[in-house]
Amino acid sequence: MFKIKGPIFPRYATLADKAGWWLLRAACVAILFFLLGPILVMVPLSFSDSSFLTYPIPGWSLKWYRNLLDSPEWARAAKNSFIVAPAATLIATALGTLAAVGLSRTNFRFKNLLMGILIAPMVVPIVVVGVATYLYFAPLGLADSYFGLIVVHAALGAPFVLTTVLATLAGFNHNLVRASLSLGETPLRTFFRITLPVIAPGVISGALFAFATSFDEVVVTLFLAGADQATLPRQMFTGIRENISPTIAAVATLLILFTTALLLFLEWLRGRKA
């Protein structure tokens with residue numbers, strides 16, 4: 001529980017200051033509801049017994065969740081998402097963490113240039129990434145394959161791990177590493193016994209961001225994935241394009257709950273770090 005110590009307003013605060021304080025917070029709440037409105041609208045629709053996404057809701061039913069569980073297409077898409085996202089997260093976390101540790105320990109002439117190249121997937125338009133990876137992977141036979149999809153998703157998630165771990169390493173005491181090495185410990189064992197436990201909150205936070213990036217990605221998947229590698233976002237895109245069914249609202253509701261759980265877990269980790 002958080003407790004507010006002392007008065008909210010200082011003694012010298014005027015009536016205009018207090019009114020502005022409340023108006024600012026009211027405006028923030030209104031903007032928050034405006035941004036979350038389109039997301040929250042989907043939740044009641046997933047419990048509608050209508051075959052169309054319409055308001056007002058004529059009745060309530062769980063049939064769209066049953067339809068989701070009984071559908072082989074949605075089951076295959078969910079299986080693909082839980083194959084690609086964890087595998088891409090493991091690769092992105094390993095590469096991003098190693099790159100962050102290396103960049104934090106050394107200074108060289110083109111360090112900023114290398115950093116810009118490593119975080120490029122965060123700023124390059126995702127359509128450009130999709131077209132470029134397809135043109136590169138297709139001649140190699142990696143299009144329409146799990147391996148190609150996992151590699152690209154790992155490349156998209158690695159910059160999030162890199163930036164998060166670098167921020168954690170900014171407050172890391174490198175004398176701990178020097179002390180461990182001076183006592184005869186190997187660099188590898190020093191990393192796993194000294195460095196990694198200290199930066200673990202940053203690594204886990206970056207891994208969660210990488211997982212969310214892979215799990216929600218649809219544009220690159222449209223270019224690279226075949227029918228057998230269709231993930232949940234691609235299946236949703238296909239369903240919206242061909243036949244808008246309330247089953248999509250059920251999937252969206254489950255994804256909202258899943259993403260919210262990830263964010264709450266991330267905030268819990270930040271609290272433990274603090």
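Tutor: Relative accessible area under 20% means buried, over 50% exposed, and anything in between partly exposed. Keep in mind that this is a predicted model.

Student: Which class does W21 fall into, and what is its relative accessible area?

Tutor: W21 has a relative accessible area of 24%, so it is partly exposed. W22 reaches 51%, so it counts as exposed.

Student: How is a pair of aromatic rings described?

Tutor: By the distance of the centres and the angle of the planes. The structure holds 10 aromatic pairs. One of them joins W21 and W22: the centres are 4.5 Å apart and the planes stand at 85°, so the pair is edge-to-face.

Student: Is the pair F160 and F209 stacked or edge-to-face?

Tutor: Stacked, because the planes of F160 and F209 lie at 25°, with the centres 6.4 Å apart. F160 sits in helix α7 and F209 in helix α9 (residues 187–216), so the pair ties together parts 49 residues apart in sequence. F160, at 26% relative accessibility, is partly exposed. F209 is partly exposed too, at 29%.

Student: Which residues form one aromatic cluster?

Tutor: F82, F211, F215 and F258.

Conventions. Residues numbered from 1 in each chain as written. Predicted model: local features only at pLDDT ≥ 70, side-chain atom pairs only at ≥ 80, totals over all residues. Heavy atoms only, no water. Phe/Tyr/Trp six-rings, centres within 6.5 Å; stacked < 30°, edge-to-face > 60°. Buried < 20%, exposed > 50% of the residue type's maximum accessible area, 1.4 Å probe, protein only. Helix = DSSP H or I, 4+ residues; strand = E, 2+ residues; numbered from the N terminus.
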